[in-house]
Amino acid sequence: MPMSRRTLAAAALALVLPLSACGSGGDDGGTTDASGKVEGDITFQTWNLRANFKPYFEGLIADFEHKYPGTHVKWVDQPAEGYADKLSADAGGGTLPDVVNVSPDLVAPLARAGLALDLDKAAATYRSEYLQGAWASHQVPGMKGTYAFPWYLNTGPLFYNKALFEKAGLDPDRPPKTYDELFADALTMAHKSDGKVATLANVPTIEDFGRYGVPLMNEQGDGFAFNDAKGVELLTKYKQLYDAKALDPQALTATGESAGKKFLTGAVAMNPGSALDLGNFKKNAPSLYRNIGITDQITSTGHVNMYVMGVMVNSRTRHTPAAVAFAHFVTDARNQMSFAKKVAIFPSTAGSLDDPYFTKEDGTDETRVRIAAAKSLKSAVNYTPVLFSEQMKTALRNEVAKALQGKESPKEALDNAVKAADRLLQQG
């Protein structure tokens, strides 16, 4: 299931989708008018959801067809592997379904090819039903419009080891909230532990630059901008952490799993995670579990990062009113809330995160983490630019590594990363 950290190939962003490509509506194209009668046969495609949630989606479709007699929804589900390639092939071959489960990076090439319906025109009446940051997440730089309904959200809190903070003379009940606080605490912890305890085990990603307040793209949306003075400042501070061993020496090659093990053994003081990790701590590291703290992601903008899934309407559908109505139905408050109670995700609809399910403690670890995440999501932002592909992430990571090792200055490294990302953007 595609959740917060997908590991799919980013072929989608390098694909050139022909403007003439047409979806299941046929060569005559569709209409942006969603105000007509809701009727007709439409196809709905999800992304690796059938195995675990078949009864939910079958019930959802039955409810929609009951609400709108004269409609019929055919549900197809595609595997996680190769989903981007499948979307591209369908777009080029004229077989793109009427309603499609997408993420922001997957909707971008479809919108640029004219295949994603602009919901600011066709469904503006629904906009106020969603969190502002979630609605904006499927907007494409350089284009006007919003190209998918926001569906489910995810984010992760930060875990921290209170015992390590206390040992370093830091207040265990006041973990760092901003990057400046994080850097100060990390240097203190490294100094007090003689370099034995790092605060972080991961190098900065594009989301870190966003949360630090660095502009990620230019205003035109045709080039990247994270090599500005503020971006250089962030990487320079990470270099200071690396030199002081406040950033784990193995961070350059760290994976989520390896960073998690470092946190488990007390070699690292802070690490992102989920409710599942708490169960692991309880079983495998009871002393850590007794000292675990939960806090928001580090951010200097006041907004944490969100991961978001969406539901796109094919602009070439023959049945625009039905396709828009169904995409809205899938993502409305009632159905998102129902889905959120079946899986550890969060609704993107305004007000849903105030439900007792996301606010009322019941003494369980799962609820404790869910409440912490839901609180931060109300004003969260999807910092990853929709045009920032996996290849671009790799280029940034490689240049960051060179800067931390002293092979390049932070300015040189970010200049090179931006050049590589811009080149890949032009190729796309």
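Residues are numbered from 1 along each chain as its sequence is written, and side-chain values use heavy atoms, with hydrogens and water left out. Because the model is predicted, local features need pLDDT of at least 70 and side-chain atom pairs count only at pLDDT 80 or more, while totals for chains, interfaces and linings use all residues.

Let me start with the sheet, which is open and mixed, with 6 strands in the order β2-β1-β3-β8-β4-β9; strands here are DSSP runs of E of at least two residues, and helices are runs of H or I of at least four, numbered from the N terminus, and two strands pair if DSSP finds at least two bridges between them. At the edges stand β2 (71–78) and β9 (346–347), each with a single partner strand, so one side of each has no neighbour in the sheet. Strands β1 (residues 40–47) and β3 (residues 99–102) run parallel and are joined by 2 bridges, and Q45 has V100 of β3 as its bridge partner.

Turning to the helices, α12 (residues 275–284) and α17 (residues 365–377) pack at about 140°, with their axes 8 Å apart, the axes being lines fitted to C-alpha atoms over the stretch in contact and the angles running from 0 to 180 degrees between N-to-C directions. The contact (heavy atoms within 4.5 Å) involves A275, L278 and K282 of α12 with D365, E366 and V369 of α17.

Finally, V381 lies in the loop between α17 and α18 (390–404), and, leaving aside residues up to four places away in sequence, V381 touches H303, V304, N305 and M306.
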